[in-house]
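Let's take a friendly walk through a protein model together.

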Amino acid sequence: MTAALVRMLGDFDLAEELVQEALLEAIEHWPKEGIPEKPGAWLLTTARRKAVDQMRRQARFRDKLAQLEGAVMRDDTAEGDDRLRLIFTCCHPALSREAQVALTLRAVAGLTTIEIARAFITSEATIAQRIVRAKRKIVDANIPYRVPEERDMAERLEEVLAVLYLMFNEGYLATTGEQATRRDLAEDAAWLAGLMVRLMPGEPEVLGLLALMRLHLARARARFDDAGNLVLLQDQDRNRWDQERIGSAMVLLQRAATLHRSGPYQLQAAIAACHAEAGTWGETDWRQIVALYDALLELMPSPVVELNRAIARRHRDGAHAALDDVDRLAEALGGYYLFHATRAELLRDLDREPEARAALRRALELTANPAERALLQRRMDGLNTENE
Amino acid sequence: MKYVLLFGETKERAKQWETMPEAQRTAAYAPINQWFEKYAGKITGGHELQPDRTATTVKFNKGKPVITDGPFIEGKESIGGYAEVTVADLDEALEMAKGWPTGGPVEVRPVVDRGEPQR
């Protein structure tokens, strides 16, 4: 019987497994329904039925996989439409965010599972499983392999950009001096955003996202000192900023502006551009930055954006006004280390040192990132020496 | 491809629904009926279910059936009904789910495709 199935399936292990399953089904059914007249035939029919199921599923799975894998790493040959289909499928909202990220890095950017695992400091098996599960869902739930229809486009494009931005931040924020060997996900994300710009040149938010990434990357070299310590924007050596990248980001932003559809990524890029254009920290145009945050809040109300606006207000209107704004966010952001770190700075400006120290302690409790912790610790030490 | 749309309700909403005056309930059904009419060509089965309190669950304790009162899904939500739909792909099923008017969640599940008529 196994042989009959092997001929059909061309796979001995699978045939054996199906015979076992047919036997199990017999054990379940025969005591209740009685032994059929031709038990052998019953078993073979059952096993065959299972084989057909299996083949159908596998064929569907193989087709889909071929579609997915076929498009991997064909930089110059793949049709634009093909790549877009692939990106939108990898970033389908029916997949979890972490699956979208892993799948996009694997299938679109062509990273290996080992590279992805290293970037996320997790095991290769975890990433491999994540990707397999995502592909399974694409096949089993019949997630279509196509560019979304017009009516869904805005929403689906937002999803793709969110995946790329998360990827970027994962790389950018987690980078520290010591981790030079870690794959730079931020560069991968910027490459993917560049690809999206080529594929959808008329979408201003795509241009805005790429501009935002380039503006951040332009400052990357100045973000750490030789000892690997995080250097804040105000203390950065602006000569180390990559002017060529800043220039290219500005061109992207201007192109986006001519399309007359503002959006959160363009606004965030415009804020980053204000910093990039200031020759010194003192020349920063805080009035413009606060106005841009206001516009951003209108499109995307969020306590984190309000916190950033408050930080900008500190420079425009002083620590008192900023602290009032920040304190209003206590309920929403009480578990966020930057809320407490910001409060600490403002309290220090206002000579309320014991409170500043308490806020710093809270911030330290809330972040595990070594570069951020080191910075907070330096501030804490600064407070202590001022007090002595 | 066939999917089942499971319509969820919070228990609180299900209760409100039950205690609603008749006229109000009829009015509340209008958008639901519209939804079913809109997608009549794609809906191949389904039912609204009577409330949770009518549910009886058979559980198996070491293979021995034990009958208990209530649904087997525990928590704040319950299933208020389901529709079987036949559409091209997940996006089409999601499009239908996105238009569901009650405010309750909709779970979209593909059915197992045996590729042959059900026995």
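## Before we start

This is a predicted model, in which local features need pLDDT of at least 70, side-chain atom pairs count only at pLDDT 80 or more, and totals for chains, interfaces and linings use all residues. Residues are numbered from 1 along each chain as its sequence is written, while chains are lettered from A and ligands numbered from 1 in the order in which they are written.

## Chain A at a glance

Chain A has 19 helices and zero strands. Helices here are DSSP runs of H or I with at least four residues, strands are runs of E with at least two, and both are numbered from the N terminus. Of the 388 residues in chain A, 33% are buried. A residue is called buried if 20 or more other C-beta atoms lie within 10 Å of its own, exposed if 12 or fewer do, and partly exposed in between, with C-beta atoms placed from the backbone.

Contacts tell us about the fold too. Two residues are in contact if their C-beta atoms, placed from the backbone, lie within 7 Å. Among the contacts in chain A between residues at least 6 apart in sequence, 57% join residues at least 24 apart.

## Two helices side by side

Now find helix α11 (residues 243-257) and helix α12 (residues 264-277) of chain A, which pack at an angle of about 140° with their axes 11 Å apart. Axes are lines fitted to C-alpha atoms, for helices over the stretch in contact, and angles run from 0 to 180 degrees between N-to-C directions. α11(A) and α12(A) are therefore oblique to each other; angles under 35 degrees count as roughly parallel, over 145 as roughly antiparallel, 65 to 115 as roughly perpendicular and the rest as oblique.

Which residues of α11(A) meet α12(A)? They are Ile246(A), Ala249(A), Met250(A), Leu253(A) and Ala256(A), and their counterparts in α12(A) are Gln266(A), Ala269(A), Ala270(A), Ala273(A) and Ala276(A).

## The sheet in chain B

Chain B holds an open sheet of four strands in the order β2-β5-β1-β6, with antiparallel pairing. Its edge strands are β2 (43-48) and β6 of chain B, each pairing on one side only. Two strands count as paired if DSSP finds at least two bridges between them.

Strand β1 (residues 2-10) of chain B pairs with strand β5 (residues 77-86) over nine bridges, and Leu6(B) has Tyr82(B) in β5(B) as its bridge partner. Five bridges link β1(B) to strand β6 (residues 106-110) of chain B; there, Leu5(B) stands opposite Val108(B). Helix α1 (residues 11-19) of chain B lies across β1 and β5, running at about 80° to β1(B).

Most residues other than glycine have a negative phi. Ile121(A) is not a glycine, yet has a positive phi of about 45°. This residue sits in the loop between α6 (113-119) and α7 (124-140) of chain A. Is Ile121(A) buried or exposed? Ile121(A) is exposed, with 9 other C-beta atoms within 10 Å.

Lys62(B) also has a positive phi, of about 50°, although it is not a glycine. Look for Lys62(B) in the loop between β3 (56-61) and β4 (64-69) of chain B. With 5 C-beta neighbours inside 10 Å, Lys62(B) counts as exposed.
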